[in-house]
Amino acid sequence: MLNLITNNSFYAILKSMENKIKIGLIGLGTVGSGVYKTLQNFDNIEIAKIAVRNKNKKRNIEGLDENIITDDPYEVVNDPEIQIVTELVGGLEPALDLIKTAIKNGKHIVTANKELLAKHGEELFKFAEANNKVVLYEAAIAGGIPLIMPIKTILAGNKINKIKAILNGTTNYILTKMDTQGASYDEVLKEAQELGYAEADPTGDVEGFDAAYKVTTLATIAFGKRIKIDNVYREGITKIRAEDMQAANEMGYKIKLIASAEMDEDGKADVRVHPMLVPLTQTLAHINYVTNAVSLSGHPVGDVTLSGPGAGEFPTASSVVGDILAIASELGKTDYLLPMMRCHHSENAQMIDISETKNKYYLSITAQNSMGVIGRIGKACEDNNISLASIVQKEVSSGKAAIITVITELCREKDMQKVINILNNDNAITQVNSLIRVQI
Ligand SMILES: NC(=O)c1ccc[n+]([C@@H]2O[C@H](COP(=O)([O-])OP(=O)(O)OC[C@H]3O[C@@H](n4cnc5c(N)ncnc54)[C@H](OP(=O)(O)O)[C@@H]3O)[C@@H](O)[C@H]2O)c1
């Protein structure tokens, strides 16, 4: 992989530069290490300073010069020789203050910090523009998948109106394992934690926060209007059961955590993250384990799907290094670098509340195995303008209970919630086990 990078045209441009470009790294963890190792192949890029939290930590990096390591990240952002600061710490503070200080000090920024972009993107990009500096973040949305630069450059002539994506490797790994092993969420989570695919506190991934941060920024650049993270509907995967996986398989679907963003003809945006039954006819149903994928629809391009590694030391470093090289190749050649990669929108998107959206649903219900139960479910739906695409009843072993699986036609979320309320108060219904939206 490293040889390929050194053979590309960026390298030729960089080779021709007279002076070394000095960069500063803040963070030398998973991504920072990959960036450090990859940059060793570029003679004209010098890593002048690296900030970490703990200087004494043992690091498995060959040839690492301990003399350039500091535990004060302000030494990096205040160093007058450094031209590009790469923030690979994560979280909101001190990352935000470090980036703003670096910009104030005349540096361009590369970051992989999705949370910061989702929560403070507007402030950050305005500040960078006011100081005529660029902030690039290819690694923040889908790790190694080239996405931001393609959307901002070669797809710039498109009106993108739909994105469906798998943006979190941990949850996709868990769902794939649940599917292939028939195992429960808890069992697979434990295994994923032991293998290092899930963190000790997995909340950020399994509750959909990570995917929500990513789709917020992705939808903002795709639609050219600002999406606020607070308006992004979010549901995680913790309630998905092995039985739902099996039912989905029997009906020709896979369950995936889908980050989606749609812009309707009136310019209203619907941005959300939640589990979905994805038909086997669609590409996203076949994206397994830690792989990520983004399907987008635009005019004139049509439908495009990009897939690849959404995280990891080297895939993520690939995007970070690409951003560093994009900036480095223009330094000293123009006063206004990378105009297409800058933030050009200021308008907030008008958002559609989830209750007003239309969806298809999968419902799993446990009920008494008695006459008329199916009819009551059908009536509750009919009374609330919901048509059913299928309803299947299976007797469970005792013979006293039945599992009823329902797939609806497109209907309003608001109406579906009314039906759930009716079913929860029906004496013949033991419980509504699951309600999962179905991708069409
Ligand atoms: N991991 C991935 O695959 C991946 C993929 C896409 C995007 N990202 C994003 O990339 C960023 C970095 O992730 P990561 O996985 O590399 O994290 P990580 O392994 O936890 O590394 C974080 C690094 O930041 C350093 N650090 C923490 N606080 C600091 C401070 N106050 N001053 C200076 N250094 C500090 C740590 O120092 P010590 O080493 O001394 O602890 C460590 O080197 C995050 O924004 C993350 O969301 C990660």
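This is a predicted model: local features need pLDDT of at least 70, side-chain atom pairs count only at pLDDT 80 or more; totals for chains, interfaces and linings use all residues.

**Lys 177 and its partner.** I started with Lys 177, which is buried at a relative accessible area of 15%. Its side chain meets that of Glu 191 in a salt bridge, 3.5 Å from N to O. This pair links distant parts of the chain, with Glu 191 in helix α10 (residues 185-194) and Lys 177 in helix α9 (residues 169-181), 14 residues apart. Glu 191 is partly exposed, with 24% relative accessible area. I noted that Lys 177 counts as buried because its 15% falls under the 20% cut-off.

**Other salt bridges.** How many salt bridges are there by this rule? The count comes to 25.

I looked up Asp 426 next and found its side chain in a salt bridge with Arg 376, at 2.7 Å from N to O. Asp 426 sits in the loop between α16 (413-424) and β18 (429-438), while Arg 376 belongs to helix α15 (residues 373-383), and the two are 50 residues apart. Buried or exposed, what is Asp 426? Asp 426 is buried, at 13% relative accessible area. Arg 376 is partly exposed, with 42% relative accessibility.

Helix α15 came up again with Asp 383 and Lys 379, which both lie in it, four residues apart, or about one turn of the helix. Their closest N and O atoms are 2.8 Å apart, and they form a salt bridge. Asp 383 is partly exposed at 48% relative accessibility, and Lys 379 is partly exposed at 49%. I also wrote down a network: Lys 114, Asp 210 and Lys 214 are joined by salt bridges that share partners.

Then I went through contacts to ligand oxygen atoms. Gly 312 has a polar backbone atom 2.7 Å from one. Lys 57 brings a polar side-chain atom to 2.8 Å from a ligand oxygen. Gly 29 has a backbone N or O atom at 3.0 Å from an oxygen of the ligand. Taken alone, the ligand exposes 910 Å², and the protein buries 80% of that.

I found a nonpolar surface patch of about 360 Å², made by Leu 195, Tyr 197, Tyr 289 and Val 290. Val 290 is in the loop between β10 (268-279) and β11 (291-299), and is partly exposed at 37% relative accessible area. Tyr 289 is found in the loop between β10 and β11 and is partly exposed at 35%.

I placed Asn 385 in the loop between α15 and β15 (388-395), and it counts as exposed at 59% relative accessibility.

**Cis peptide bonds.** For context, most residues other than glycine have a negative phi, and most peptide bonds are trans. I checked for cis bonds and found one from Glu 93 to Pro 94, with omega near 10 degrees. Pro 94 is in the loop between β4 (84-87) and α5 (95-104). A cis peptide bond also joins His 299 and Pro 300, with omega about 15 degrees. Pro 300 has its place in the loop between β11 and β12 (302-309).

**Two strand residues.** Asp 270 is found in strand β10 and is buried, at 12% relative accessible area. Its side chain makes a polar contact of 2.9 Å with the side chain of Arg 272.

Last entry: Ala 261, in strand β9 (residues 253-263), is buried at 0% relative accessibility. I compared Ala 261 with Gly 378: they are 117 residues apart in sequence and 31 Å apart in space, C-alpha to C-alpha.

Key
Residues are numbered from 1 along each chain as its sequence is written. Side-chain values use heavy atoms; hydrogens and water are left out. A salt bridge is a side-chain nitrogen of Lys or Arg within 4 Å of a carboxyl oxygen of Asp or Glu. Buried means under 20% relative accessible area, exposed over 50%, partly exposed in between (1.4 Å probe, protein chains only). A polar contact is a pair of N or O atoms within 3.5 Å; within protein, one must be able to donate a hydrogen and the other to accept it, and residues adjacent in sequence count only if both atoms are side-chain atoms. Accessible areas come from the Shrake-Rupley method with a 1.4 Å probe; for residues, only the protein chains shown count as cover. Patches are made of residues with over 30% relative accessible area and no salt bridge: like charges are joined within 9 Å, nonpolar side chains (Val, Leu, Ile, Met, Phe, Trp, Tyr) within 5 Å.
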